[in-house]
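I opened a new notebook page for this structure. My plan is to look up a few local features and one chain contact.

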Amino acid sequence: MRIAVKALGAALVLVAVGACGSSGGGGASASSTLVVGEFNPFSGPDASFGLEMAGGCVPAIRLINAGGGVLGHQLSCVQEDTRGDPADAVPAAQKMMATETSLVGVLGPSSDEALATAPLLNQGHVPMFVDTGQAAFNHTGDAYFWRVTPADDVKGYALALWAHKAGYTRAAAVFGNDAGAQSDVPTLVKAFTRLGGTIAYNKPFALGQSSYRTEIENILATHPQVIFTEVDPQTGATFLSELQQLHGLLPVIGTEVTLQAPWLKAVGGAIGPAAMARYFQGMQPYAPPSGPAWQAYNKSLLGSAAQVPKPSQWSSDPYSMTYYDGVNVMALAMIAAKSTSPAVFNPYITKVTEPGPGKKVVDTFAAGQAALRAGHQIQYVGAGGPIVFNHWHNSTGAFEAAKYANGTITLVGSVSAAQIAAISR
Amino acid sequence: MSVAWQFYISTVLIYLGVDVIACWGLNLQFGVAGLVNFAYIIFQAAGAYTAAVLTLGPATRGGFQQYIGGAHLPFPVPILVAGVVGGLLAAVVGGLAIRRLRSDYEAMVMLVVSLIATSVATNQSGLVNGSNGLALVPKPLAAMVNLSPIGYQWLFVGITAVICLCVYWLVHIVTSSPLGRTLRAVRDNEQAAAALGKNVAALRMLAFVLGGVLAGISGAILVEFISAWSPGSWLYPETFVYFTAVIVGGSGNNLGVMVGALLVPVAFLEATRFVPQFGPPGLIDALQWIIVGVLALVFLWFWPRGVIPERRRRFPRPAEGEADGAPRRVPLFLRAGR
């Protein structure tokens, strides 16, 4: 009983100390460190999301602090583990808003917890650069919601456009029966049909089976020229290796999931590197690893080994780049608004990103800060490319097609944001 | 106290209520009846999904979430139905698993049931919207009471407290009745209880179903509060957090279990959120699961009866006038069956 009383007492003291030390949100005192929350899973099945986020936040903070900070404040990235589920994410969001009195914005939430926590963050006036792809946010009215990564359903348009460009007119859709993969299918079917193609096979794939012989026979009976896919690495490896044995491979176009290391390793090991290079292409948000913005990002990332384990793994990761851009955009918006209060600088986020006549295009925080101090209006074009938010604070951007050869991902072409917008109407 | 802190503290209090109810349900099964239910979390999930679906209304064709059986039922009907569904699911699982199996094998089957349930809910995307889960569940009474957001938070704290009191009344009369005594007898020596003519299988099943009902109610309260639920919220390790709470608090003791719910899922897991960052990203978050396991082991080794042990029941000698052992008046439903 005494242990219980002591523990209860300690918990109450902890809460009381925190509560007394808190002065509420909104802005920061004269010299305090501004906090950017990394609001993503750092544990559980999606723990890699958090590491990916650190690969964007830390390099941005390093450059901003090296440039003197924002309005006299240094910045820091603070992890807030959502544990990848709504039930754990809700108290995490409330705790973060209660304890981080200098919280100026967050990176995240992810699809795991966005529908439960984005309304809370919006209610707390916390700008969020989300990484959720859920279509539920395509027309959100949340003022503090900003999405630089494409919605899940946009991927379907990109796949269809790329296949059409390659001359394919008959396809099979091999998507896992999980909700994430299935959310790509309606727009894929719609766009490919509109472009004159036919999805001859389209059935949700049961994941993790030991054999897909029956499914392969059904697919081959429809005579597809190309296979669209998003399945987990194990399923992809089993399915494609059996297809290779039974018939020979067909061209495969996958989503960004298929360009991630576990998928490439599993499938490449199953079908062989030569077949991988010849038959496989993947589509991911367009974030070419080149140009001055990317060079600044990559240099800072590679210098962040103390805080980011194996930083080079995020060098060409489009999500890490967009997190980096998100921090820079918030910092520049604060300078443009001359305030660190989220309620004040939030409207300036579009002002520092949207194109316009007479605006100075900047690639880095330092260039943007200098231009703003010189009295210019700016358009920030980051490591992930231009950011153009629509009415609902979504910035879709372009997609790139890439192949995997000799252990590296190589860009082979792209689908523009304008093409996606045209086919989605 | 700032509004942000009020939001956080009220959220923690609501979670405490949810965890206390869930732990009382597990205590009925494990602490009182000796059932090792490693699938406990699926009954909470069943309640959560039921309440969500019965609050959301029918799914719209082509909408971002697809599920079966949608309806608009007024508060508190979804919570009550969630309890019924939790109990029915427990009856089905119990009928398959606990009638013929005991201890180790029972625990193994339950663990497998938990894994199967998660897999089904994730892969059958038309059932409860697959891995994305259900979201945007309307808050109960929100449209009627017209309170500020923080005012509504405190109202929900009050609702949760009232439900907790009702549940405590239920578990107290069960555990302090002849039925509770018989369940403990089954737990302590099943063969002896059977030899005295008790229907062991029926008693175990009754405790299992009652625990399922409470788990369903706890899940329903949680989903009505957070407005979302997905397979990530009820992975099998979550069951072990509740087991640790019951063990730490004092298995078989309702008050102890309440303290365990305060100490483990609330105070302990919330406290780790306040630990300053050190090491590589995610280190603290990964360590907390290890520490939960260590906590359970330490208590099982050094304080197996928990911080508030189950009371040893000593029965006084019958008084002069009661020498014939005339029974107390006990409601029929609480009498132990044969």
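Which residue just after α9(A) takes a positive phi? I found A:Gly248, with a phi of about 105°.

I noted the ground rules next. This is a predicted model, where local features need pLDDT of at least 70, side-chain atom pairs count only at pLDDT 80 or more, and totals for chains, interfaces and linings use all residues. Residues are numbered from 1 along each chain as its sequence is written, and chains are lettered from A and ligands numbered from 1 in the order in which they are written.

I stayed with helix α9 (residues 233-246) of chain A. Helices are DSSP runs of H or I, at least four residues, numbered from the N terminus. I looked for the buried residues (20 or more other C-beta atoms within 10 Å of their own, C-beta atoms placed from the backbone). Among them are A:Phe239, A:Leu240 and A:Leu243. The buried residues of α9(A) pack against β6, α8, β8 and α10 of chain A.

Then I turned to chain B. Helices α2 (residues 40-56) and α3 (residues 77-97) pack at about 140°, with axes 8 Å apart. I took axes as lines fitted to C-alpha atoms over the stretch in contact, and angles from 0 to 180 degrees between N-to-C directions. The contact includes B:Phe43 and B:Leu54 of α2(B), and B:Ile79 and B:Leu89 of α3(B). Contact means C-beta atoms, placed from the backbone, within 7 Å.

Last, I checked chain A against chain B. The contact takes 51 residues from chain A and 46 from chain B. On the chain A side, α3(A) gives the largest share, 9 residues.

Methods. Contact = placed C-beta atoms within 7 Å. Helix = DSSP H or I, 4+ residues; strand = E, 2+ residues; numbered from the N terminus. Expected span 1.5 Å × (residues − 1). Buried ≥ 20, exposed ≤ 12 C-beta atoms within 10 Å, placed from the backbone.
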